[in-house]
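Please read these notes with the model open beside you.

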Amino acid sequence: LAEKVAKNRLHAQDLAVCALASRNPEEMKEAAKVLEAAGGPAIHLQKLKKGLEKQASLVEATATAREQQEPLASAQMVRPRQPPREEEEQLLRRLREARFKEEDEFI
């Protein structure tokens, strides 16, 4: 009987460690159930519960961030009209010519 209890606890402990490493909420819940049924170790159960709380807060924070970004994303879809490439090149030429004139006048 003692061997069976020890094996169950070791199995539960292994599940808990794997679930914590994967950060998968479903695996963490399952590992917590197995860990409780096996009777410990309690420290792993605490870690699983903290991990689940962190996952829940992370999901909530992500959802909040997405809600806040939606208006921003839709605003980015409406972009001001960009000048055609030719107009940009003409503007650059004029700026260079103006700069050269200023340099010539300065000298």
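1. Residues 24 or more positions apart make up 44% of the contacts in the protein with a separation of 6 or more; contact means heavy atoms within 4.5 Å.

2. This is a predicted model, in which local features need pLDDT of at least 70 and side-chain atom pairs count only at pLDDT 80 or more, while totals for chains, interfaces and linings use all residues. Numbering starts from 1 along each chain as its sequence is written, and side-chain values use heavy atoms, with hydrogens and water left out.

3. The protein has four helices and zero strands. Helices (H or I, at least four residues) and strands (E, at least two) are DSSP runs, numbered from the N terminus.

4. The axes of H1 and H2 come within 8 Å and cross at roughly 160°. Axes are lines fitted to C-alpha atoms, for helices over the stretch in contact, with angles from 0 to 180 degrees between N-to-C directions. H1 and H2 are therefore roughly antiparallel (over 145 degrees) to each other. Among the H1 residues that meet H2 are Ala 12, Ala 16 and Ala 19.

5. The largest nonpolar core has 10 residues, including Ala 12, Ala 19, Met 28 and Leu 48. Such a core is a set of buried Ala, Val, Leu, Ile, Met, Phe, Trp, Tyr and Cys residues joined through side-chain atoms within 4.5 Å. H2 gives the most to this core, with five residues.

6. Of the 107 residues, 13% count as buried, meaning under 20% relative accessible area with a 1.4 Å probe, protein chains only.

Methods:
Buried means under 20% relative accessible area, exposed over 50%, partly exposed in between (1.4 Å probe, protein chains only). Angles under 35 degrees count as roughly parallel, over 145 as roughly antiparallel, 65 to 115 as roughly perpendicular and the rest as oblique.
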